[in-house]
Amino acid sequence: MKKIVVPFSTDIEKLSSGEKITLPPFAAKTQKHLSFTCDISDIGEGKITVGHGYEVSGASWVEITADEIKAFAYYTYTDPKCRSLFAEPIKHGLKVRDFVSVVIDVNPHERGAFLIVSTSSGMIKTEMNGWDGNDGEIFAQVDGISAENCKLNWFSDGFSHRIWILGDSYCGFGHPARWPYYLYRDGYNNHFISGFPGMPAESAIEQFRRFVDRGAPEFVVWTLGMNNEDKDGKMSESYLRSTEEFIAICLERGITPILSTIPNVPGRDNSKKNEWVRSQPYRYIDFARAVGSEKTPEWYPGMLSADMVHPSDKGAEALYMQVLCDFPEIMQRSNT
């Protein structure tokens, strides 16, 4: 029986200047929706900030003042770390008083989101290209004003999908050097993706514990391990603990776990994990085979990017095709 998707929600009677209302970090990449509403007298010289993460990699947030709306994305591995999602701040033309309601509706197909801001004087809707928001706490903060009757909500309708995917930076979909990009290109979008760049297995299992009561997936794909490298000829203990817990939760709930091998790369050995995955009685996606790095850190020519960790476009295509071959159920385009 399919579960009804229930939002994560919290509320508070009053926020004073500098205070915020928060929800825990949710590392969801797809089909997510954030909303905040509060009562104010007049925004005046104040500011309202709503976002998913703040100054952590993968964070995105919006700032609303009496005249403007600004939006930002933050990545620790770029220069500059913080960049605007608008060429110029949006002049909203509203008189921000009485109440403020904010909705951020993420559209993974376009790597962006719709932003809707409403107050007693009207409503404005705009697009934010480059919105990410897949790490850090979900929050709303007021500065220079106070707010009452504050309510913050977040949910993903991806929870209702039969396929969930847990992963790290390999599981991006905004450009062709990531294998999920091709899922969306080819119309295979009937799934939920959770993860953020640099995500280790121990963070992924924490997210899985948090999410699993919100849905009833048939399959969950576990692609973690690149950030839990094997050392001194031994398998990563944190990877093993987290992966064994992941399998146990799946079996307890009647979910089919799909494991994966992890490509070896220069400076990161994943061979012991891969030996373990292949020895288990569970299905797996053989990513290491796809790029030719089963035993050495050398990939097939042109498949490894210049950073020596991530795939190139050609490598991502090979990983994508391995997914289709080892887990063909992902090609189902609807739940029915």
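Let me begin with a definition: a residue is called buried when its relative accessible area is under 20%. The model on the screen is predicted. With a relative accessible area of 0%, Cys171 is therefore buried. Cys150, at 1% relative accessibility, counts as buried as well.

How many disulfides does a search of the whole structure find? The search returns 0. A disulfide requires two cysteine sulfur atoms within 2.5 Å. For Cys150, the closest cysteine sulfur is that of Cys38, at 5.0 Å, which is too far for a bond. For Cys171, the closest cysteine sulfur belongs to Cys250 and lies 15 Å away, again too far for a bond.

I turn now to the nonpolar cores. The largest has 67 residues, and the members that touch the most others are Ile104, Met128, Trp154, Phe208, Trp222 and Phe246. Take Met128: beyond its neighbours within four places in sequence, Met128 is in contact with Val62, Ala71, Leu85, Phe86, Ile104, Gly112, Ala113 and Leu115. Another core, of 32 residues, lies apart from the largest one and includes Tyr170, Ala316, Val323 and Phe327.

Finally, the helices. Helix H3, residues 237-253, packs with helix H4, residues 271-279, at an angle of about 25°, and their axes are 12 Å apart. H3 and H4 are therefore roughly parallel to each other, and H3 passes H4 in a right-handed crossing. On the H3 side, Tyr239, Leu240, Thr243, Glu244 and Ile247 meet Lys273, Trp276 and Val277 of H4. Thank you.

How values were computed: Residues numbered from 1 in each chain as written. Predicted model: local features only at pLDDT ≥ 70, side-chain atom pairs only at ≥ 80, totals over all residues. Heavy atoms only, no water. Buried < 20%, exposed > 50% of the residue type's maximum accessible area, 1.4 Å probe, protein only. Core = buried A, V, L, I, M, F, W, Y, C linked by side-chain atoms within 4.5 Å. Contact = heavy atoms within 4.5 Å. Axes fitted to C-alpha atoms, helices over the stretch in contact; angles between N-to-C directions. Helix = DSSP H or I, 4+ residues; strand = E, 2+ residues; numbered from the N terminus. Parallel < 35°, antiparallel > 145°, perpendicular 65-115°, else oblique. Left-handed = near helix turned anticlockwise from the far one by under 90°.
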